[in-house]
Amino acid sequence: MKFRPLLAALALSSGILTSTQAYSATEIQWWHAMGGALGETVNEMAENYNASQSDVVIVPTYKGGYEDTMTAGIAAFRAKEQPHIIQIFDAGAATIINAPGATVPVADLMKDFNIEDYISGVRYFYADSDGKMIGLPFNSSTPLLYFNKEAFKEAGIDAPPKTWEEFEAIAPKLKEAGYIALAQSHSPWIFSENFHSRHNIQLATGNNGYDSTDVKLLYNNDHMKMHWGKVKSWLDAGYYGFYGRAWGDNQDAFVQKKVAMWLGSSGSFGGLTKSAEFEFGTTFLPYWESIIKEPKGTFIGGAALFAMSGHSDEENKAIADFFGYMTSSDNQVFWHKETGYVPITTAAYDAAKKEGYYDSTPDAEVGILQLSQPGGEWTKGYRLGYYVQIRDVMYKHFDDIFSGSASVDDAFAAMEKESNELLVRFSDTYK
Amino acid sequence: MKRVQFERSSIPFLFVAPQIIIILVFFIWPAAQAIYQSFLLEDAWGLSSQFVWFRNYKDTIFSESWLQAAGFTIVFSTLVTFLSLALALLLAVKANEVIRGASTYKTTLMWAYAIAPPVAGLMGNLMFHPLIGDLYKFLNAIGWDFNHKLDSFDAGFVVVLISVWKQVSVNFIFFLSGLQGIPKSVLEASMMDCKSSFRRFWTITFPLLAPTTFFLMVINITYAFFETFGIIDTTTRGAPGGATNTLVYKVFQDGFRGADLGGSSAQSVVLMLMVLALTIVQFRFIERKVHY
Amino acid sequence: MKQWNWRLISTHAILIVGVIFMSLPVWVAFATSTHSAEHILRNGLQFWPGSELLKTYNEVLFVDGGVMKSVLGTTMLKNSLILGFGFAIGKVIVSMLAAYAIVYFRFKLAVPLFWIIFMTLLLPLEVRIIPSYEVMASLGLLDTHFGLIVPLIASATGTFFFRQFFRSVPDELLEAARLDGATAWGFFIDILVPLSKTMIAAILIIMFVVGWNQYLWPLIMTTKEENYTLVIGIKQIYQILAEGGELPQYQKAFALTILATLPPVLVVLVFQNWFVKGLVESEK
């Protein structure tokens, strides 16, 4: 490995490379962003696959967080060193899907591909504007409310809140019992993107960004501002805890019983069952009854697997084979049970049901039920460029709201301006 | 240059070749590419690209977030430079005074030099962790409503403190050796003239340390600009609200995380110009010192 | 007499506070690394060592998946050592040769070449990260020790240092050597290198620390876990803590900081005199 250029030259001149390749298995590089317990599950699945056949060897590599993984993939693609498979998260969807030629669409790659096999909630988030699936929604999650049952008992509360109005009623009781009522990981995802989906509000022009890159963000709307004004007042009243932008910091506060409720991902379920020393439950993401009477489903979050272009037919065939393996019912059920990510095919969901998994672990079904709630006009997803930076912009202004250094109105006005400047830049890169 | 040298031949080229080749391939070539890219608007994957003159400069340098980062970088560099120099100077003067335990003090004060900035950053990050960090608890216990995840002043405090901590050692080493280099006779003579040790320090010793101080200032500013990357990356990552974002960290964030190569390259070029200015200042100083 | 004593006490007091300020964080990091994850989560940082020292360090160093998915602590340690030593040795060789050419030879290009070397000071890695990655990738040097080490070697610091030192070597030496008929290479190897022994040692130590502590470059140059250095491991464990999802393994994070700290600190302490001499000389 150390002397690769030399070896390559040697191999070229003597023809060694071609002759050995014919006999060895096809190596498929898979870059992913699954750390901790999730990463171990990923490795286990890859090992199982490698053991199941001898033609293909999957080599999973943890590349850091979602952003790090995408960056590594981009840099590698530019240098023509791209891996075969890369996991790209929801916020990066526009970056990869708007660049035709960077990937081979799953719909083309896999034979016998049928989009109807996938549960309705995950079908179109990683699809192009024509509805053709580009990335395989590998780890699909949705924001859920986790609540500490013991804390609720101490505070004398029977049920978790369905709406934010109910939340406001119980928060003081939890405070009295010595808890901060709520914390949340990832405010752009839960309190912005999914806020719009749950309340069926448009979040960007151009059909939420699916139809064009020349679009504008609509976050600066009255519902959002009302919600964030409320969140700020909860923070000031001691009902809301903010432990930083990092996902884990807020989740740890829940694990440590500092906060009684935590908004996280359905994919956090597996980890929490291992780390939390108390009984907890899950329920749907609350909504404002004042905005919508019948709330809609949520967006899927998490990430998808993309097959990167520029590889040989043989390698693409190997990728397709691996994708087929990963979407098989057995593996989807395994993944679902280990991690809490939702099964992406109806067959897998049915299999889990038939097994009686949800009878013993009803909380595991909450995510998929929430995704299966009736969809609305604005619940399909969104497709926005430079969205990684836009999320940073949002974080930045949410921080300002929390710290009181900007009013809600000013923060959202600034957020709109900065985000739209980024969208213009992104759109111009495709001229 | 040397008075006596070898005659002209091709031999010197052989000696200097390894370094020059490495520089051309790994420094000049990528730097030239950075300059070129700063004029291009490209999609992340490099599939389409157009020449846009100074648009990247206009879009990024005049953006609010860049100006905020520039402001923070200046305040941050000034604080880190001043505080780590002042602290190191105090410790060096004191360490130079004692006889008993002098080498123990010296050793225990300088070893932190060997700690990498990200390592210092992670340690500091955990010391200030809201859930387990004792410093976090301590500061709140003494009545400071401390929350570096929310408050930009507190976050600035954290990154400055860690950066200073990491940098004291190297300054200490230089100051101490500078102090030890001052001839005994000068100090003895000053004892006669000036009874107050405080005044003696500022009128005699400190001016003699001026060259070292100036040299260290350049080193420290460079450190605060560039090497603190590892500290920022393992502590605040620019939060809250971009309040602790430095220019270098922003180059990395926009280019490496945000996939905006043109914008990031434009910022790189601006940074290069800043380093150039700093180097010119340094060189002027070195020249002056030679005449001195 | 009494007054003098107070002065001494205050001097020692200041120094002791300074020592505590510099050392306590590392001590706490070590002490905490010897407790269990549950204990830390419940009780915060620790000031006294606990009973989990062997368990933690054994897991971090030798157990598969003990700290990172597929890389052992020992592997990262090995990579760090290769980087530290490779960088230090390479740097000394390359910069000594270049400085020799610039100081001891009269040739037209000496000045422009000196300026090319000088320019490296203007181009910190941070301002050329992405193109550097592309250059390395197109040369097929990602994930190689060669690609990790060599580009770091070329910066001007070492060359300046040796240039300065060679200029202080008396001219008579070269005159005498030439009378004896020494060649350029002979003079370098037989006279200059032995003469520079202390300097070489000092530079080796400093550069070992600098190489060991590299962060951004290995971060973008290594795409495979098996090539991570300890300092890159720091970044990864930060990421794992930030993402959460399970019981945060603070003790392992601390153990990793201790492991990443220990070797360079030992080198600096053991070779303290050379190190200080080298560092301070480089100023001139």
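The model is predicted, with local features requiring pLDDT of at least 70 and side-chain atom pairs counted only at pLDDT 80 or more, while totals for chains, interfaces and linings use all residues. Residues are numbered from 1 along each chain as its sequence is written, and chains are lettered from A and ligands numbered from 1 in the order in which they are written.

Chain C holds 15 helices and zero strands; helices (H or I, at least four residues) and strands (E, at least two) are DSSP runs, numbered from the N terminus. Along the principal axes, the C-alpha atoms of chain C fill a box of roughly 75 × 70 × 30 Å.

Turning to chain A, domain 1 covers 25–141 + 300–371 and domain 2 covers 143–298 + 385–429, with bounds from an automatic or database domain assignment. The centres of the two domains, taken over C-alpha atoms, are separated by 26 Å. Across the boundary, 25 residues of domain 1 of chain A are in contact with 26 residues of domain 2 of chain A (C-beta atoms, placed from the backbone, within 7 Å). On the domain 1 side, elements supplying at least two residues each include α3 (36–52), β5 (136–141) and α15 (329–339) of chain A, and α18(A) gives the most, with four residues.

Methods: Contact = placed C-beta atoms within 7 Å.
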